[in-house]
Amino acid sequence: MFLLPALALLGALVVYPIGYSVYRSFFDASGNGFVGLDNYTEMFSDDATKTAVKNNIIWLILAPTISTALGLIFAVLTERVRWATAFKLIVFMPMAISMLAAGIIFRLVYEQDPDKGVANAMWVGVHDSFSASPPFPGAHPRPTAGLTESGGGSFTTQDTVRAGSPSSIPLVAAKRDDIGGAQDARAAQAQPGKVTGTVWFDFTKGGLGKEGAIDKGEKAMADLKIEAVKDGKVVAKTTSAADGTYTLPAKAEGAQLRLPAWNFSAPYNGIDWLGPSLVTPAIIGSYVWIWAGFAMVLIAAGLAGVPRELMEAARMDGANEWQVFRRVTVPLLAPVLSVVVVTLMINVMKIFDLVYIIAPGPSQDDANVLALQLFQSSFGTDVNQGLGSAIAVLLLLLVLPVMFFNLRRIRRESRR
């Protein structure tokens, strides 16, 4: 009598939908024609479903493992810091954010443009700390400037240079941000036995300047790499100074000057986090950010019940901290760790919202998971709720072993 209302509710919200999904999986898209196992055959022959199964396996392996490992590390380390409560609060705080909001946050974090995406802003900052950026992306000479493209985006002078006769190199099409703070260009002075010249931005506001001449107010192009080439070999190289001038040794006499393509190549723009190859690991990273706090709280609660005498006894027997952690702490936390892993595995099997929100349109097929494929088959463009129900049954069958393992564990613990 007391259980009847709960059983009725459970039957209406759980048992009936499961039974009807199994029933519906044997019918076609309209629901009127019986097709037997055709939906299951189509499901296992569909590339999208195969990708979804593969990605679910990746999720099942990585997400619970990484979240539990981080939770264990955080729980152990917070026992040794003064502000343990504040640290736990910060790590657990993402659990208060809905999956929808977290998906929107990480869609912005993984934005390709370093000016917008935090991940690429940090990555580009680290990259640029160890590697110089091209000084003038997109710049090039005029067709009449005496330079020709020599392959790969580099430019080479048509004429050879002579010592004692300055050779100017005018360029155009530089970006305003790259030129704005530059010094005014200065005509190079002839030096005996050396090849000199100037590289500058050959443009005057208002169009009053003379083409090919250094006019007043025209800007220097500093830090450009310049190579002297003879018979296809680089015999000397230099870099333009802040005022655009450059100097090459006497061995550059009779060579052609080449501006390597690196000078004009696009700046490093970071990693395509949401591209086909990295979209699934990137989304798993956002999941770990949310659920590592959950794992930490449960493990910390279990750690509080671990007998400290065993750890102290191990230390007195000569064990170092790593041995204590590996041979005492982790084995004693095994029941708690299994609870965390199993809970996260069940949660990961039905992951949907993070993938749906974070993965952009071109990469969504590569990030596909079973729950998302179920949604697209049942409510997407080509609605086929028979196929969607078959995917739902498959998802249920994949979750059942984990559920049975959890039930056996609970029963074993209840007997102790």
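Tutor: In this predicted model, helix H14, which covers residues 370-379, packs against helix H15, residues 385-415, with the two axes 7 Å apart and at an angle of about 160°. Since angles over 145 degrees count as roughly antiparallel, H14 and H15 are therefore roughly antiparallel to each other. The crossing that H14 makes with H15 is left-handed. On the H14 side the contact is made by Leu370, Ala371, Gln373, Leu374, Ser377, Ser378 and Phe379, while H15 contributes Gln385, Leu387, Gly388, Ile391, Ala392, Leu394, Leu395 and Leu398. Sorted by class, the residues of this contact between H14 and H15 are 10 nonpolar and five polar, with no charged residues.

H15 also meets helix H11, residues 334-349, and here the axes come within 10 Å and cross at roughly 160°. That angle makes H11 roughly antiparallel to H15, and the crossing of H11 and H15 is left-handed. From H11, the residues Pro335, Ser338, Val339, Val342, Met345, Ile346 and Met349 meet Leu395, Leu398, Val399, Val402, Phe405, Asn406, Arg409 and Glu413 of H15. This contact of H11 with H15 divides into 11 nonpolar, two polar and two charged residues. If you compare the lists, you will find Leu395 and Leu398 of H15 in the contact with H14 and again in the contact with H11.

A further pair to look at is helix H5, residues 99-109, with helix H8, residues 279-304, whose axes are 10 Å apart and pack at an angle of about 130°. That angle makes H5 oblique to H8, and H5 passes H8 in a right-handed crossing. In this contact Met99, Ala102 and Phe106 of H5 meet Ser286, Tyr287, Trp289, Ile290 and Trp291 of H8, and by class the contact of H5 with H8 has seven nonpolar residues, one polar residue and no charged residues.

Turning to the sheets, five strands form an open sheet in the order E1-E2-E8-E5-E6, with antiparallel pairing. Strand E1 (147-149) and strand E6 (233-239) stand at its edges with a single partner strand each, so one side of each has no neighbour in the sheet. From one strand to the next, the twist averages 30°. Within this sheet, strand E5, residues 225-230, pairs with E6 in the antiparallel sense over six bridges, and lysine 225 stands opposite threonine 239 in E6.

Another open sheet has three strands in the order E3-E4-E7, and its pairing is mixed. Its edges are strand E3 (169-171) and strand E7 (245-248), each of which has a single partner strand, so one side of each is left without a neighbour in the sheet. Direction ignored, neighbouring strands of this sheet are turned by 20° against each other on average. E3 and strand E4, residues 195-201, run parallel and are joined by three bridges, with tryptophan 200 in E4 as the bridge partner of proline 170.

Terms used:
Residues are numbered from 1 along each chain as its sequence is written. This is a predicted model: local features need pLDDT of at least 70, side-chain atom pairs count only at pLDDT 80 or more; totals for chains, interfaces and linings use all residues. Side-chain values use heavy atoms; hydrogens and water are left out. Axes are lines fitted to C-alpha atoms, for helices over the stretch in contact, and angles run from 0 to 180 degrees between N-to-C directions. Helices (H or I, at least four residues) and strands (E, at least two) are DSSP runs, numbered from the N terminus. Angles under 35 degrees count as roughly parallel, over 145 as roughly antiparallel, 65 to 115 as roughly perpendicular and the rest as oblique. A crossing is left-handed if the near helix is turned anticlockwise from the far one by less than a right angle, and right-handed if clockwise. Contact means heavy atoms within 4.5 Å. Ala, Val, Leu, Ile, Met, Phe, Trp, Tyr, Cys and Pro count as nonpolar, Asp, Glu, Lys and Arg as charged, and the others, Gly among them, as polar. Two strands pair if DSSP finds at least two bridges between them.
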